[in-house]
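Keep the viewer open as you read.

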Amino acid sequence: NRKFYSKHQTRMWFTADQIETPALKRLVQNNRNRVERELAGILLMIMEDHDLETLNLCPMDAYNAISKSRLRFDLTQIRNILKKEWKLVNQSNSNRYQKFLLWGDGTTTFREAKGRYFTINKNFLLGNFEDLRNT
């Protein structure tokens, strides 16, 4: 005959906001795809090396950067990460942007290229990949 502390709001009683904790967030972030974590690490490294807040890239740029690792993936998987997982929108037309080139020794350079690029913010990477913040 006791009254409940929380109200029945959904079919599962508790809403997602009620059960979300910092530990659950870390668990979800660490359960991400290895290709996705590798891409985020490379992009964050480039942003920190060149002191950038945003970075433009085409899926092929990301493919070339990750291809130096031993992961197995394809270009479609990278497009799915950028569009579906990260919910980024690419440019509607081919525009000029600064393309990054990742060399074998870990250095990066930029050169002008043309394509339908995605723009990625540093805050997005730091917010969604907390494990990369300390490395």
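What follows is a tour of salt bridges, a surface patch and a few contacts.

First, some ground rules: this is a predicted model, where local features need pLDDT of at least 70, side-chain atom pairs count only at pLDDT 80 or more, and totals for chains, interfaces and linings use all residues. Residues are numbered from 1 along each chain as its sequence is written, and side-chain values use heavy atoms, with hydrogens and water left out.

Let's begin with charge pairs. Side chains of opposite charge can pair when their charged atoms come close. Here a salt bridge is a side-chain nitrogen of Lys or Arg within 4 Å of a carboxyl oxygen of Asp or Glu, and by that rule the count comes to four. One of them joins Glu-36 to Arg-32, at 2.8 Å from N to O. Glu-36 has 3% relative accessibility, so it counts as buried (buried is under 20% relative accessible area, exposed is over 50%, and partly exposed is in between, using a 1.4 Å probe and protein chains only).

Another salt bridge pairs Lys-99 with Asp-61, whose closest N and O atoms are 3.8 Å apart. This pair links distant parts of the chain, since Lys-99 is in strand S2 and Asp-61 is in helix H4 (residues 59-66), 38 residues apart. Helices (H or I, at least four residues) and strands (E, at least two) are DSSP runs, numbered from the N terminus. Both partners are buried: Lys-99 has a relative accessible area of 16%, and Asp-61 comes in at 4%.

Strand S2 also supplies a partner for strand S3. Arg-96 and Glu-112 meet through their side chains in a salt bridge (3.5 Å, N to O). Arg-96 lies in strand S2 and Glu-112 in strand S3, so the pair ties together parts that are 16 residues apart in sequence. Arg-96 is exposed, with a relative accessible area of 58%.

Ala-113 sits in strand S3 (residues 108-115) and is buried at 14% relative accessibility. Leaving aside neighbours within four places in sequence, Ala-113 is in contact (heavy atoms within 4.5 Å) with Asn-95, Arg-96, Tyr-97 and Lys-99. Ala-113 and Lys-99 are 14 residues apart in sequence, but their C-alpha atoms are 5.8 Å apart in space.

Leu-101 belongs to strand S2 (residues 95-102) and is partly exposed, with 22% relative accessible area. Beyond its neighbours within four places in sequence, Leu-101 touches Thr-107, Thr-108, Thr-109 and Arg-111. Ala-62 is 39 residues from Leu-101 in sequence and 9.7 Å away, C-alpha to C-alpha.

So what about a buried charge with no salt bridge? Take Lys-122, in helix H6 (residues 122-128). Lys-122 is buried yet has no such partner, and the nearest side chain of opposite charge, Glu-48, is 4.6 Å away. Lys and Arg count as positive and Asp and Glu as negative, while His and the chain ends are not counted. Leaving aside neighbours within four places in sequence, the contacts of Lys-122 are Leu-44, Met-47, Glu-48, Leu-52 and Glu-53.

Last stop, the surface. Arg-79, Lys-83, Lys-84 and Arg-116 gather there in a patch of positive charge. Patches are made of residues with over 30% relative accessible area and no salt bridge, with like charges joined within 9 Å and nonpolar side chains (Val, Leu, Ile, Met, Phe, Trp, Tyr) within 5 Å. The place of a charge is taken as NZ of Lys, CZ of Arg, CG of Asp or CD of Glu, and accessible areas come from the Shrake-Rupley method with a 1.4 Å probe; for residues, only the protein chains shown count as cover. Arg-79 is in helix H5 (residues 75-85) and is partly exposed at 38% relative accessible area.
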